[in-house]
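These are my notebook entries on a structure that is new to me. I set down what I looked up, entry by entry.

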Amino acid sequence: MKFTDYLFEEVKPVWEEYLIHPFIKEIADGTLDKEKFKYYLIQDYLYLKEYAKVFCVGVVKAQTMKDMKFFYKSIKGTMEDETAVHIKYLKDFGMEPEEVEKCEYDLTTSSYTSYMQALALTGDIREIAIATLPCTWSYNYIGKYLLENHGNELENNFYRHWIELYGSEGFTDFSDAWIEYTDRICENICESERKKLRDIFIKASIYEMEFWHMAYKERT
Ligand SMILES: Cc1ncc(CO)c(N)n1
């Protein structure tokens, strides 16, 4: 069994909960409160800024050009391709990226990104790959699910660009490359290393759930 198949089995109950989370369900049918989406986008923009730095540490810690390129591509994908959709939506909400950067980090955003950055600084490229894998993979898991189940009713859905980004071929290729890369660098690891990486994968998956809760919660 591939290491990533084992990881998927371990987190499946959590990932299935993402699909029925009210934030995701309301994105799917287009009924999500736009203020909630705006807050989520602001926090996610801040998240992606810190997330890109995690990959930067990957470049520093990688031993080969091949591995360095892998992390480099993820920096570019995050900073240019993925944030482009955020920037477009936020502009529609009347916010420029510079203004978004000045917003306060929600406690969940800080906790999740600090966790990944600390792991990146103290760990090796395997820990970096595993800590960031649920991000890419679970968003693609959600995006593909939404396209498969709601793809033909998106015409008037305000959230279609978001759904189309994460379910797209490009994002799927990016996610698949991550999965393949993780399996390559985790070949022949010992049992205690497997356990350590499994725990990181589960914790990051739970942080993803916390991020959905943060996005949906009522604010006064
Ligand atoms: C919180 C979060 N996790 C994962 C992704 C996908 O990169 C994202 N944009 N935001």
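In which loop is C103 found? I located C103 in the loop between α5 (97-101) and α6 (107-122). Helices here are DSSP runs of H or I with at least four residues, and strands are runs of E with at least two, numbered from the N terminus.

Before going on, I noted that this is a predicted model, in which local features need pLDDT of at least 70, side-chain atom pairs count only at pLDDT 80 or more, and totals for chains, interfaces and linings use all residues. Residues are numbered from 1 along each chain as its sequence is written.

**Entry: C103.** By the rule used, a residue is buried if 20 or more other C-beta atoms lie within 10 Å of its own, exposed if 12 or fewer, and partly exposed in between, with C-beta atoms placed from the backbone. Not counting residues up to four places away in sequence, C103 touches I42 and L46; contact requires C-beta atoms, placed from the backbone, within 7 Å. From C-alpha to C-alpha, C103 and S138 are 26 Å apart in space and 35 residues apart in sequence.

**Entry: E208.** I found E208 in helix α10. UniProt, in an unreviewed entry, places the feature "active site" at E208; its positions are given in the numbering used here, feature names are shortened, and annotations may be inferred rather than shown by experiment. Is E208 buried or exposed? E208 is buried, because 21 other C-beta atoms lie within 10 Å. Leaving aside neighbours within four places in sequence, E208 is in contact with Y18, P134 and S138.

**Entry: domain record.** The unreviewed UniProt entry gives "domain: Thiaminase-2/PQQC" for residues 10-217. I noted that this span is 82% helix and 0% strand, with its end C-alpha atoms 27 Å apart.

**Entry: helix α9.** Helix α9 (residues 169-185) has 17 residues. Which residues of α9 are buried? I listed F171, F174, S175, W178, I179 and T182. Seen down the axis of α9, these buried residues fall within an arc of 135°, so they line one face of the helix; the arc is that of the directions from the helix axis to the C-beta atoms. On the other side of α9, I found E169, G170, D173 and E180 exposed. The buried residues of α9 pack against α1 (3-19), α4 (65-92), α7 and α8 (160-167).

Notes. Contact = placed C-beta atoms within 7 Å. Expected span 1.5 Å × (residues − 1).
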